[in-house]
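This briefing goes through the chain as a whole, the surroundings of the ligand, some backbone features and a few individual residues. Please keep the sequence and the structure in view while reading.

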Amino acid sequence: MTEATTPKHHVTLIPGDGIGPEISRAVQRILSAANVHIGWEEMPMRADVERKGGNYLTDFIFPSIEKNRVALKGPLATAVVTGAPSLNVAIRQHLELFANLRPVKNLEGVSSVFKNVDIVIVRENTEDLYAGLEHIVVPGVVESLKIITEKASTRIAEFAFDYAVKFGRKKIHGIHKANIMKLSDGLFLTSIRKVATRFPQVEYKELIIDNACMQLVLDPHQFDVLLLTNLYGDIMSDLAAGLVGGLGVVPSGNIGKDAAVFEAVHGTAPDIAGKDMANPTALLMSAIMMLDHLGEDRAARNIEAALRDIYVAGQPLTRDVGGKSSTSEFTDAVIARMHSQ
Ligand code: NAI
């Protein structure tokens with residue numbers, strides 16, 4: 001193998017369901033055009049594995065990510081009400097990807113309610129109501145357990161403050177409902193407060209979740225970093241995405257001590273799957289986060305610049321953002337733009 005073809009990084013690729021394979025292929029093409037030498041370990045399609053009686057997570061996903069430590073992931077479908085538990089949640093819990101990091105920023109050229117939004121959402125990713133501990137107490141009564149531990153709350157608070165210091169963020173808001181859930185959200189808050197005392201250079205404030213939602217849609221510019229438990233973080237991060245144009249233009253990373261999984265936050269879009277209509281932007285932006293994580297800053301900035309130029313020019317764009325182009329045409333344009341830089 002020549003030096004030019006030797007992969008510098010080994011990354012697990014989970015194509016995902018629905019539009020996942022199309023947008024994954026688009027992102028792979030763009031990263032390859034940016035000259036990032038990634039050895040992709042591509043996972044088989046989940047449906048094929050399950051049809052043959054295999055276990056997608058334990059046979060493929062977990063061993064691959066434990067080995068490569070970095071993954072790029074397309075969306076995976078989860079049935080509502082009935083059916084198997086979410087694979088997305090299982091991946092985060094099993095690999096202890098305890099921090100869900102979602103930078104929410106305007107992408108120039110994308111129409112949005114607000115401009116100049118620049119917020120980072122740090123969401124605890126392993127516990128809370130997502131522990132999935134539910135049972136029927138008696139018919140007609142169901143109990144769902146909200147698990148909050150000092151260990152996980154302290155760990156996510158340390159992550160948020162370290163992140164703030166590293167990336168020059170000035171202010172963190174701890175978001176809670178400790179006026180009602182005095183024990184669970186109370187423990188989350190007291191754990192953050194202890195960590196905050198070790199970071200006097202970062203301003204620390206608290207807001208009750210309902211007020212925080214209203215404040216966010218009234219004036220997002222007052223916020224810098226938001227620190228939340230799992231469920232509140234899930235809801236508020238989609239709310240924040242709505243301020244800058246929606247889920248199609250927001251990336252995310254699930255970060256742990258030993259591994260990191262980068263994924264778009266939208267779902268499998270079954271209504272447009274297989275039609276060459278999907279917008280790969282969110283997965284591409286997640287891949288840019290992944291490149292930063294891998295230390296590939298130059299390629300990350302090149303792709304970012306090409307993406308911005310296309311959105312500013314307003315074409316070619318996919319239908320979800322007001323254009324008429326296909327996934328392939330958009331992908332070709334990003335690559336052509338990078339080559340002309
Ligand atoms: P969705 O995000 O798949 O679709 C909502 C709407 O947005 C649809 O009209 C869809 O066509 C559009 N859309 C989404 N992504 C798009 C893209 N990249 N380009 C163009 N249009 C796009 O949300 P929905 O319908 O609630 O969920 C479908 C499935 O996805 C469910 O099984 C759900 O569990 C799963 N899901 C998986 C996630 C993950 O893997 N992280 C996250 C969210 C949902």
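Two residues are in contact when heavy atoms of theirs lie within 4.5 Å. The model is a predicted one, and among its contacts in the protein chain between residues at least 6 apart in sequence, 73% join residues at least 24 apart.

**The chain as a whole**

- The protein chain has 11 helices and 12 strands, and its radius of gyration of 20 Å is close to the 20 Å that the globule rule gives for 341 residues, so the chain is as compact as a globular protein of that length.
- Taken along the principal axes, the box that the C-alpha atoms of the protein chain fill is roughly 55 × 50 × 40 Å.

**Surroundings of the ligand**

- There are 19 residues around the ligand, and those that come nearest are Leu 76, Gly 267, Ala 269, Asp 271 and Asn 279.
- By class, the shell around the ligand is made up of nine nonpolar, six polar and four charged residues.
- On its own the ligand has 820 Å² of accessible area, of which the protein covers 64%.

**Backbone features in loops**

- The peptide bond from Gln 315 to Pro 316 is cis, with omega near 0 degrees, and Pro 316 has its place in the loop between α10 (297–313) and α11 (327–339).
- Asn 35, a residue other than glycine, has a positive phi near 65 degrees; Asn 35 is found in the loop between α1 (20–33) and β2 (38–42), and Asn 35 counts as exposed because its relative accessibility is 58%, where exposed means over 50%.
- Arg 69 is not a glycine either, yet has a positive phi of about 70 degrees; Arg 69 is found in the loop between α3 (56–68) and β3 (70–73), and with a relative accessibility of 45% Arg 69 counts as partly exposed.

**Two lysines in loops**

- Lys 275 is found in the loop between β12 (260–264) and α9 (281–293), and Lys 275 is exposed, with a relative accessible area of 51%.
- The side chain of Lys 275 reaches the backbone oxygen of Asp 271 at 3.0 Å, and Asp 271 is also among the residues that come nearest to the ligand.
- Lys 275 and Ser 86 are 189 residues apart along the chain, and a distance of 25 Å separates their C-alpha atoms.
- Lys 177 has its place in the loop between β8 (171–176) and α6, and with a relative accessible area of 18% Lys 177 is buried, because buried means under 20%.
- The side chains of Lys 177 and Asp 210 are joined by a polar contact of 3.0 Å; not counting residues up to four places away in sequence, Lys 177 touches Asp 185, Ile 208, Ile 209, Asp 210 and Tyr 232.

- Ser 184 lies in helix α6 (residues 184–196) and, at 17% relative accessibility, counts as buried.
- When residues up to four places away in sequence are not counted, Ser 184 touches Lys 146 and Ile 148.
- Ala 152 has its place in helix α5 (residues 150–166), and a relative accessibility of 5% makes Ala 152 count as buried.
- Ala 152 is in contact with Glu 124, Thr 126 and Glu 127, leaving aside its neighbours within four places in sequence, and from C-alpha to C-alpha Ala 152 and Phe 98 are 7.7 Å apart in space although 54 residues apart in sequence.

Note on methods:
Residues are numbered from 1 along each chain as its sequence is written. This is a predicted model: local features need pLDDT of at least 70, side-chain atom pairs count only at pLDDT 80 or more; totals for chains, interfaces and linings use all residues. Side-chain values use heavy atoms; hydrogens and water are left out. A residue is near a molecule or strand if one of its heavy atoms lies within 4 Å of it. Accessible areas come from the Shrake-Rupley method with a 1.4 Å probe; for residues, only the protein chains shown count as cover. Ala, Val, Leu, Ile, Met, Phe, Trp, Tyr, Cys and Pro count as nonpolar, Asp, Glu, Lys and Arg as charged, and the others, Gly among them, as polar. Helices (H or I, at least four residues) and strands (E, at least two) are DSSP runs, numbered from the N terminus. Buried means under 20% relative accessible area, exposed over 50%, partly exposed in between (1.4 Å probe, protein chains only). The radius of gyration is taken over C-alpha atoms; the globule rule is 2.2 Å times the number of residues to the power 0.38. A polar contact is a pair of N or O atoms within 3.5 Å; within protein, one must be able to donate a hydrogen and the other to accept it, and residues adjacent in sequence count only if both atoms are side-chain atoms.
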